[in-house]
Amino acid sequence: MAMAIMEEKIQGVTEDIFADVVESHSASKLFEHLQLDRDAIIGILDNLVAILFPAHFANEKTPGTYSLKYEMGTRLSNVVNCLTNQVMVSLQQHPEYSNKNDDVRRDHAEAIVGIFVDTLPEIRQLLKKDIQAGYDGDPAATSFDEIIFSYPGFYAIMVNRLAHVLYKLEVPMIPRIMTEHAHSRTGVDIHPGAQIGEYFFIDHGTGVVIGETTVIGDRVKLYQGVTLGGLSTRGGQSLRGKRRHPTIGNDVTIYSNASILGGETVIGDGCIISGNCFITSSVAPGMRVSNGKGDLQIIPDNQN
């Protein structure tokens, strides 16, 4: 008797939720098109990591270089095919392509993936500089290999650099799925829209948040808990496309749990921001900012 009641309950709940799904998605043609495959996108990301650093992440463990090169080519072919399919699906959410037919979306998806693949050698060179930054900036680092294999900040940066290219190419949803996967894996939340310069290092990493319109210069170092965020999101969707997050100059170090907020906030070149600072206005180049007795103290950094 109890089983029959539960089966009736399951059927009733299923019907209620399904009816709401049909009503909510009737305009988006949910049942006429394939949906994005999150697992496939994470698989694409895993393949890209293995392509960029095959000596560390390839399946082929034999010393022969030919087999390693063959595996890289196979992985890249898989990325091209899978990413083209996923981009094509994502374009259903693009205002310019949502009403186009599948052939038009596929042509555009192929063009996007072609541009993306062309950027991979450049991304590898940027990542090599990020590895160098991690090694130079952390006395606990014993080797480049340790950074590649185990540093959460490096993994988050790597995913961001890949996702940022797709973001600039106006690919819906996929860049965010990539960076949110990195977020869940590392505790580092970098929006794919964030622009990050060369030789970037996040030490420890847990709790770092970098917002969509953040611009970060070269040779910047962040510690755990740093937030580069917006002053307020009360405006909601009316703020879309507007600068909401700070600009960080070159050669800036920001220590743990500092918050730097606002689209008009600029941290000048060479600044050092001490831990736990809350900053909502610009800081001139070469300043050291500390949080003393509840008030910010901004003085020239004599070590520069």
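Strands β12 (residues 272–273) and β14 (residues 287–292) run parallel and are joined by two bridges. Here a strand is a DSSP run of E with at least two residues, a helix is a run of H or I with at least four, and both are numbered from the N terminus. Two strands count as paired if DSSP finds at least two bridges between them. Within this pair, I273 has V289 of β14 as its bridge partner.

Before going on, note that this is a predicted model, where local features need pLDDT of at least 70, side-chain atom pairs count only at pLDDT 80 or more, and totals for chains, interfaces and linings use all residues. Residues are numbered from 1 along each chain as its sequence is written, and side-chain values use heavy atoms, leaving out hydrogens and water.

β14 has another neighbour too: six bridges join β14 to β15 (residues 295–300), and these two run antiparallel. N291 sits opposite L296 in β15.

Then there's an open sheet of five strands, paired in parallel, in the order β1-β4-β7-β10-β13. At its edges are β1 (189–190) and β13 (278–279), each pairing on one side only. Further in, I210 stands opposite L228 in β7.

| Pair | Sense | Bridges |
|---|---|---|
| β4 (residues 209–210) and β7 (residues 227–229) | parallel | two bridges |
| β12 and β14 | parallel | two bridges |
| β14 and β15 | antiparallel | six bridges |

Now for the helices. The axes of α2 (residues 38–52) and α9 (residues 174–186) come within 10 Å and cross at roughly 70 degrees. Axes are lines fitted to C-alpha atoms, for helices over the stretch in contact, with angles from 0 to 180 degrees between N-to-C directions. Since 65 to 115 degrees counts as roughly perpendicular, α2 and α9 are therefore roughly perpendicular to each other. R38, I41, I42, I44 and L45 of α2 meet I174, I177, M178 and H181 of α9 (contact means heavy atoms within 4.5 Å).

A search of the whole structure finds one cavity of 30 Å³ or more. On a 1 Å grid over the protein atoms alone, a cavity is a set of points where a 1.4 Å probe fits but cannot get out, and lining residues have an atom within 4 Å of a point. The lining of the largest cavity is made of A156, V159, N160, T179, A182, V188 and I190. α8 (152–168) and α9 each supply at least two of the lining residues, and the largest share, three residues, comes from α8.

Definitions and conventions. Angles under 35 degrees count as roughly parallel, over 145 as roughly antiparallel, 65 to 115 as roughly perpendicular and the rest as oblique. On a 1 Å grid over the protein atoms alone, a cavity is a set of points where a 1.4 Å probe fits but cannot get out, and a pocket is an open set with protein on both sides within 12 Å along at least five of seven lines; lining residues have an atom within 4 Å of a point. Grid points are joined across faces, edges and corners, and a volume is the space filled by probe spheres set on the points.
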